[in-house]
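Please open the model in your viewer and follow the stops below. Each stop says what to select next and what is there.

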Amino acid sequence: KQDIEELSSMFKDMLGQSEEDEDLAYLMELEAHFVPQEDFAANYLFMIEGRKQPLYLDVRGDELTCYYGNEENIDVYAKLSSDIMNSIINGRMTFQRAFMTGVMTAKGNFKTLRMLDTIFSFDEN
């Protein structure tokens with residue numbers, strides 16, 4: 001019984017670590033593929049299924065701030081699955097296509113929504 005508890009604890013720790021790594025990967029990928037746009041400012045909140053906290057992005061010209069947490073007064077509020085977010089980050093789908101095909105829902109300023117594919121360049125791999 002003690003061995004089973006030990007193994008269970010070990011696997012929980014491993015799962016928690018991989019989930020944390022995946023969260024950090026989104027932040028690092030977004031920062032790495034950020035393309036600054038002069039005179040553009042907006043903020044986005046992504047509800048990614050399976051995540052405890054929403055992903056918040058704030059773009060101010062050449063500055064990008066991104067972290068997990070709730071914020072008020074959002075320009076674009078989007079909801080999508082982690083599979084779709086992975087497809088976008090891996091360059092297999094664009095934010096616009098995800099929205100147009102219905103796999104991502106969004107509320108807010110749609111001109112600002114379309115800018116996501118301009119301010120983040122995820123080239124096809």
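## Stop 1: a charged pair

Select Asp58: its relative accessibility is 12%, so Asp58 counts as buried. Buried means under 20% relative accessible area, exposed over 50%, and partly exposed in between, with a 1.4 Å probe and protein chains only. This is a predicted model: local features need pLDDT of at least 70, side-chain atom pairs count only at pLDDT 80 or more, and totals for chains, interfaces and linings use all residues. Residues are numbered from 1 along each chain as its sequence is written, and side-chain values use heavy atoms, with hydrogens and water left out.

Asp58 and Arg60 form a salt bridge, with the closest N and O atoms 3.0 Å apart. The term requires a side-chain nitrogen of Lys or Arg within 4 Å of a carboxyl oxygen of Asp or Glu. By this rule the count comes to one salt bridge. Arg60 is partly exposed, at a relative accessible area of 39%.

## Stop 2: the sheet

Switch to a cartoon view. Helices (H or I, at least four residues) and strands (E, at least two) are DSSP runs, numbered from the N terminus. Five strands make an open sheet, in the order 3-2-1-4-5, with mixed pairing. Two strands pair if DSSP finds at least two bridges between them.

Go to the edges. Strand 3 (63-68) and strand 5 (104-108) stand there with a single partner strand each, so one side of each is left without a neighbour in the sheet. On average, neighbouring strands of this sheet are turned by 15° against each other, direction ignored. Axes are lines fitted to C-alpha atoms, for helices over the stretch in contact, and angles run from 0 to 180 degrees between N-to-C directions.

## Stop 3: strand 1 and its partners

Select residues 41-48, which are strand 1. Six of its eight residues are buried. Which strands pair with strand 1? Strand 2 (residues 55-60) pairs with strand 1 in the antiparallel sense, over six bridges. Strand 4 (residues 76-80) pairs with strand 1 in the parallel sense, over five bridges.

Then check the partners. Asn43 has Asp58 as its bridge partner in strand 2. Tyr44 has Leu57 as its bridge partner in strand 2, and Tyr44 stands opposite Val76 in strand 4.

## Stop 4: helix 2

Select residues 82-89, helix 2. It lies across strand 1, strand 2 and strand 4, running at about 110° to strand 4. Which residues of helix 2 are buried? They are Ser82, Ile84, Met85, Ser87, Ile88 and Ile89. After helix 2 comes Gly91, with a positive phi near 80°.

## Stop 5: the nonpolar core

Show side chains. The largest nonpolar core has 31 residues, and Tyr44, Phe46 and Phe120 have the most contacts inside it. Such a core is a set of buried Ala, Val, Leu, Ile, Met, Phe, Trp, Tyr and Cys residues joined through side-chain atoms within 4.5 Å.

Centre on Tyr44. Leaving aside neighbours within four places in sequence, its contacts include Tyr56, Ile74, Leu113 and Ile119. Contact means heavy atoms within 4.5 Å.

Move to Phe120, in the segment after helix 5 (116-119). Not counting residues up to four places away in sequence, Phe120 touches Leu30, His33, Phe34, Leu57, Leu64 and Phe95. Glu29 is 91 residues from Phe120 along the chain, and their C-alpha atoms are separated by 9.5 Å.

## Stop 6: aromatic pairs

Display the rings. The structure holds six aromatic pairs. Rings of Phe, Tyr and Trp (its six-membered ring) pair if their centres lie within 6.5 Å; planes under 30 degrees apart count as stacked, over 60 as edge-to-face and the rest as tilted.

Select Phe99 and Phe110. Their ring centres are 5.4 Å apart and their planes are at 35°, so the pair is tilted. Phe99 is in helix 3 (residues 95-100) and Phe110 in helix 4 (residues 110-114), 11 residues apart. Phe99 is partly exposed at 23% relative accessible area, and Phe110 is partly exposed at 38%.

Finish at Phe120 and Phe122. Their ring centres are 6.2 Å apart and their planes are at 15°, so the pair is stacked. Phe120 counts as buried at 2% relative accessibility, and Phe122 counts as buried at 12%.
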